[in-house]
Amino acid sequence: MALRSAVVSVGKGGGRNPKIIHSIPKLVKSRFHASSSAAPSLYSYRTSHFYQLQVGVTYKNTCETFKHQIRAINTETSVETKASVKEDEHLAQDWKIKMLYDGECPLCLKEVNMLKERNKSYRTIKFVDISSDDYSPEENQGLDYETAMGRIHAIQSDGTVVTDVEAFRRLYEEVGLGWVYVITKYEPVATIANAVYGVWAKYRMQVTGRPSLEEIFEARRKNRGEVCRDKSANM
């Protein structure tokens with residue numbers, strides 16, 4: 001607007017006003033600087049907007065990739081668990097001895113897993129988790145949950161029930177590790193070994209940071225009662 005006024009004034013004055021003439025270059029220069037300063041602002045906005053879009057797309061792609069990875073891990077875990085169960089069932093077809101074990105005992109499971117690994121070659125031990133809701137005393141010589149939780153029990157294929165250190169010895173013999181417990185066949189080692197195991201069996205709940213056997217039995221009875229009521233309600 002100022003530039004147009006200057007030009008009009010020059011036209012009217014016939015070029016006889018030097019102040020106005022000299023002011024034209026300054027006006028042109030100021031207008032040029034104003035337009036130049038606006039250009040980077042527009043460029044910065046476009047660049048920033050493009051960067052935000054790019055980051056948004058990258059974040060979305062990352063989230064989708066992470067979700068796919070989680071689903072893949074869950075699927076693999078589920079498949080591995082089912083495969084492990086089927087493998088145990090297959091290996092137990094021609095068993096010579098059953099091992100009744102507490103599947104909720106962390107220290108017990110270390111030994112059980114070691115024996116399971118050995119049993120892949122021998123296929124002589126059937127593993128029975130007494131903590132499972134599917135555990136059946138009728139299928140295990142009438143040994144109920146409370147009795148089986150008191151100490152280690154093993155059942156031979158002829159129905160003979162063995163306990164304490166003898167149970168470990170028989171189990172280890174079936175997977176080629178009989179030498180570990182061979183000395184416990186003889187006195188006084190057998191008596192000492194059973195006494196030591198008896199102490200462990202009595203205090204294993206406290207040692208592994210679990211509630212007492214009485215509390216566990218009570219919780220299991222309540223849980224089984226609720227399950228039975230739910231089944232009755234659904235019938």
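Modeller: Start with the pocket: on a 1 Å grid over the protein atoms alone, a pocket is an open set of points with protein on both sides within 12 Å along at least five of seven lines, and lining residues have an atom within 4 Å of a point. Grid points are joined across faces, edges and corners, and the volume is the space filled by probe spheres set on the points. This is a predicted model, in which local features need pLDDT of at least 70 and side-chain atom pairs count only at pLDDT 80 or more, while totals for chains, interfaces and linings use all residues. Residues are numbered from 1 along each chain as its sequence is written, and side-chain values use heavy atoms, with hydrogens and water left out.

Biologist: What is the volume of the largest pocket, and which residues lie nearest its centre?

Modeller: The volume is about 320 Å³. Of the 21 lining residues, Cys108, Ile152, Phe168, Tyr197 and Trp200 lie nearest the centre. Elements giving two or more residues to this lining are strand 1, helix 3, helix 4 (145-150), helix 5 (164-174) and helix 6 (189-207). Helices (H or I, at least four residues) and strands (E, at least two) are DSSP runs, numbered from the N terminus.

Biologist: Which residues of strand 1 lie on each side?

Modeller: In a regular strand the side chains alternate between the two faces of the sheet. Here Ile97, Met99 and Tyr101 are on one side, Lys98 and Leu100 on the other, and all are buried. Buried means under 20% relative accessible area, exposed over 50%, and partly exposed in between (1.4 Å probe, protein chains only).

Biologist: Why does isoleucine 216 count as buried?

Modeller: Isoleucine 216 counts as buried because its relative accessibility is 12%. The residue is found in helix 7 (residues 213-234). Leaving out residues up to four places away in sequence, Ile216 touches Tyr145, Met205, Arg210 and Pro211, where contact means heavy atoms within 4.5 Å. Met205 is eleven residues away in sequence and 9.8 Å away in space, C-alpha to C-alpha.

Methods
1 Å grid on protein atoms, 1.4 Å probe; cavity = no way out; pocket = protein on both sides within 12 Å on 5 of 7 lines; lining within 4 Å.
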